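Please read them with the model open beside you.

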Amino acid sequence: MQDAGARSPVEEQLQAWLLAGLDGDARAYRRFLEELTRRLRAFLRRRLFDMQDHVEDIVQETLLAVHNARLTYRRDQPVTAWIYAIARYKLMDFLRARMRHDALNDPLDDAADLFEESAEQASDARRDVAALLEDLPDRQRLPIEMVKLQGLSVAETASRTGMSESAVKVGVHRGLKALAARIRGER
């Protein structure tokens, strides 16, 4: 067992590189960041075993936080404790955000029944509308189908049916009125 004052070789090397970097040695600081990146990846992979695609994002956020807070590092304290505290905070931030996101968003896989019902309901609605339109005379049914269902203009409908534009408008109006009366009467 090591005595309480003994430090690991990793701790000593990371601290030496960080302190040299703080004193202006860019090469030492780059080595510090490279080794830190490797260690953070391992640290986070063990904790995010089912979300490996998020590890790199959290590593980058942690590196940025370490870099931004580097001047607050107390030289008499263990560097690894300081770094892993920052990494744990970043990990907790990610997990909290993930929980909020998951709570607000149900996976679409669970909603397959909803989409199946919608498709079935739409099919039923189209069949019902077609049955209602069948009972209308052509001078009402054709204008409704072309203007309201196909999205043609009144002029296009008039041209295709040989009706006047006024007759198309009257046909749509009277046809919709007749449909509404039938629906009210059936219910």
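Which residues are buried in α6? The notes start there.

1. In α6, the buried residues are Gln140, Arg141, Pro143, Ile144, Met146 and Val147. Buried means under 20% relative accessible area, exposed means over 50%, and partly exposed is in between, with a 1.4 Å probe and protein chains only. Helices (H or I, at least four residues) and strands (E, at least two) are DSSP runs, numbered from the N terminus.

2. The model is predicted: local features need pLDDT of at least 70, side-chain atom pairs count only at pLDDT 80 or more, and totals for chains, interfaces and linings use all residues. Residues are numbered from 1 along each chain as its sequence is written, and side-chain values use heavy atoms, with hydrogens and water left out.

3. The protein chain has 8 helices and 0 strands. Read from the N terminus on, its elements run α-α-α-α-α-α-α-α. Of the 187 residues in the protein chain, 28% are buried. Among the contacts in the protein chain with a separation of 6 or more, 55% are between residues 24 or more positions apart. Contact here means heavy atoms within 4.5 Å.

4. Back to helix α6, which spans residues 138–149. Gln140 belongs to this helix and has a relative accessible area of 11%, so it counts as buried. If neighbours within four places in sequence are left aside, Gln140 is in contact with Gly171, Arg174, Gly175 and Ala178. Just after α6, Gly151 takes a positive phi of about 80°.

5. How do α1 and α2 cross, and at roughly what angle? The axes of helix α1 (residues 9–22) and α2 come within 7 Å and cross at roughly 140°. Axes are lines fitted to C-alpha atoms, for helices over the stretch in contact, and angles run from 0 to 180 degrees between N-to-C directions. The angle therefore makes α1 oblique to α2. The cut-offs are: under 35 degrees is roughly parallel, over 145 roughly antiparallel, 65 to 115 roughly perpendicular, and the rest oblique.

6. The crossing of α1 and α2 is left-handed. A crossing is left-handed if the near helix is turned anticlockwise from the far one by less than a right angle, and right-handed if clockwise. On the α1 side, Val10, Leu14, Trp17, Leu18, Ala20 and Gly21 meet Ala28, Tyr29, Arg31, Phe32, Glu35, Leu36 and Arg39 of α2. The residues of this contact of α1 with α2 divide into 9 nonpolar, 1 polar and 3 charged. Here Ala, Val, Leu, Ile, Met, Phe, Trp, Tyr, Cys and Pro count as nonpolar, Asp, Glu, Lys and Arg as charged, and the others, Gly among them, as polar.

7. Helix α2 (residues 26–47) also packs with helix α3 (residues 55–69), at an angle of about 140° and with the axes 9 Å apart. α2 and α3 are therefore oblique to each other. The crossing in which α2 passes α3 is right-handed. Residues making the contact include Tyr29, Phe32 and Leu36 of α2, and Val55, Ile58 and His67 of α3. The contact of α2 with α3 divides into 11 nonpolar, 3 polar and 3 charged residues.

8. His67 has its place in helix α3. Is it buried or partly exposed? With a relative accessibility of 29%, His67 counts as partly exposed. The C-alpha atoms of His67 and Tyr29 are separated by 9.9 Å, while the two residues are 38 residues apart along the chain.

9. The count of aromatic pairs comes to 3. Rings of Phe, Tyr and Trp (its six-membered ring) pair if their centres lie within 6.5 Å; planes under 30 degrees apart are stacked, over 60 edge-to-face, and the rest tilted. One of the pairs is Phe43 with Tyr84, which is tilted, at 4.8 Å centre to centre and 40° between the planes. Phe43 lies in helix α2 and Tyr84 in helix α4 (residues 79–104), so the pair ties together parts that are 41 residues apart in sequence. Phe43 is buried, with a relative accessible area of 5%.

10. Tyr73 and Trp82 have ring centres 5.2 Å apart and planes at 50°, so this pair is tilted. Tyr73 is buried at a relative accessible area of 6%, and Trp82 is buried at 17%.
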